[in-house]
Amino acid sequence: MSLPPAFHDIAERVNNWGRWGEDDEIGTLNLITDATVRAAAATVTRGHRVPLAVPLRHDGIQTGMIPGRVNPLHTMIAVNTELFGPDTVATSDDTVTMGLQAGTHWDGLTHVSHSGKIYNGRPATSVTAHGRAAFSGIETARHVVARGVLLDVARARGESRLPGGHAVTPEDLAAAEELAGARVRSGDIVLVRTGQIQRYLEGDREAYAFPSPGLSIRTPEWFHARDVAAVANDTLTFEIFPPEIEGLWLGVHALHLVEMGMPQGQNWNLEELSEACAAERRYTFLLSATPEPFTGGAGAPVAPVAVL
């Protein structure tokens, strides 16, 4: 099934190809500047740190729904081994095999393509099995530190968790922005809380995955208008799943990553942050969220920290 006209109409309105030059590989991360980072640092008043990553574990989020995206397989390859002989200092060492997007992660700009293209009009064929991503690999996101804004959609709607079929709309984002008492501005990283991660934290991986609330196909225009640098949320699929337009799978992914060049993150645990922001009655903070620099990666794990 080809992409519907509604998708192409939105794509034309949010497209950022060439905005930062023909050679650009980082898209909306260009909106994070020295000035926006200084402003972000000024939001820190207490120094209270809130971790936003889920633990990486062998029985983690992945259920096999996405082929090959395995939970971490963690193996000890040395346990108190005296490498330099008896009675010398002993070391323990370990190795891991995992899907780079198995847990809390950023999707890089090469994670999806459509119509044979990735961000900035480059050919999708520039991503290969052995060469990985020739352009816009996740390692190009070298220092992701910005002002974070929590848009607590669930709290703004008076709910602990949005129902599985809820598509987060621009109107929802505006209501959460009003709750936050702070306008989203250029260079911000927006964190959208649905409460869906509660399903996983309660031990129900299947319910966490499906059905899931998530971002509506209408929201990319809202983020584009505000010049947002990146968006993350607390769901497996980021966008509503199943999709709101029949047959349009990963449409929000394609608009964000391909058309806008805007990274998006999934599986972020925003529960503690929600409580902290509500208690302090402020929803902006310094956010440190640089992905692991896997060369040519289509995504990477991240251990974000919000500092209030």
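**View 1. Helix α1 packs against helix α7 (residues 219–226) at an angle of about 5°.** This is a predicted model. The axes of α1 and α7 lie 10 Å apart. Angles under 35 degrees count as roughly parallel, so α1 is roughly parallel to α7. From α1, the contact uses Ile10, Arg13 and Val14. From α7, Pro220, Glu221 and His224 take part. By class, the residues of this contact divide into 3 nonpolar, 1 polar and 2 charged.

**View 2. Helix α1 (residues 5–14) also packs against helix α8 (residues 251–260).** Here the angle is about 30°, and the axes are 10 Å apart. The two helices, α1 and α8, are therefore roughly parallel to each other. The crossing of α1 past α8 is right-handed. On the α1 side, the residues in contact are Phe7, Ile10, Ala11 and Val14. They meet Gly251, Ala254, Leu255, Glu259 and Met260 of α8. Sorted by class, the contact of α1 with α8 has 7 nonpolar, 1 polar and 1 charged residues.

**View 3. Helix α4 (residues 170–180) crosses α7 at roughly 45°.** The axes of α4 and α7 come within 8 Å. With that angle, α4 and α7 are therefore oblique to each other. Four residues of α4 make the contact: Pro170, Leu173, Ala174 and Glu177. Their partners in α7 are Thr219, Trp222, Phe223 and Arg226. The contact of α4 with α7 has 5 nonpolar, 1 polar and 2 charged residues.

**View 4. The largest nonpolar core holds 29 residues.** Leu52, Trp106, Ile189, Leu191, Trp268, Leu273 and Phe285 touch the most other members. Several elements give two or more residues to this core: β7 (145–152), β9 (189–193), β11 (230–233), α9 (271–280) and β13 (284–288). The largest share, 3 residues, comes from α9.

**View 5. Ile189 and the residues it touches.** Residues up to four places away in sequence are not counted here. Among the contacts of Ile189 are Ile32, Trp106, Val144 and Ala146. Arg147, Gly148 and Val149 also touch Ile189. So do Ala229, Ala230 and Leu287.

Key:
Residues numbered from 1 in each chain as written. Predicted model: local features only at pLDDT ≥ 70, side-chain atom pairs only at ≥ 80, totals over all residues. Heavy atoms only, no water. Axes fitted to C-alpha atoms, helices over the stretch in contact; angles between N-to-C directions. Parallel < 35°, antiparallel > 145°, perpendicular 65-115°, else oblique. Left-handed = near helix turned anticlockwise from the far one by under 90°. Contact = heavy atoms within 4.5 Å. Nonpolar A, V, L, I, M, F, W, Y, C, P; charged D, E, K, R; others polar. Core = buried A, V, L, I, M, F, W, Y, C linked by side-chain atoms within 4.5 Å. Buried < 20%, exposed > 50% of the residue type's maximum accessible area, 1.4 Å probe, protein only.
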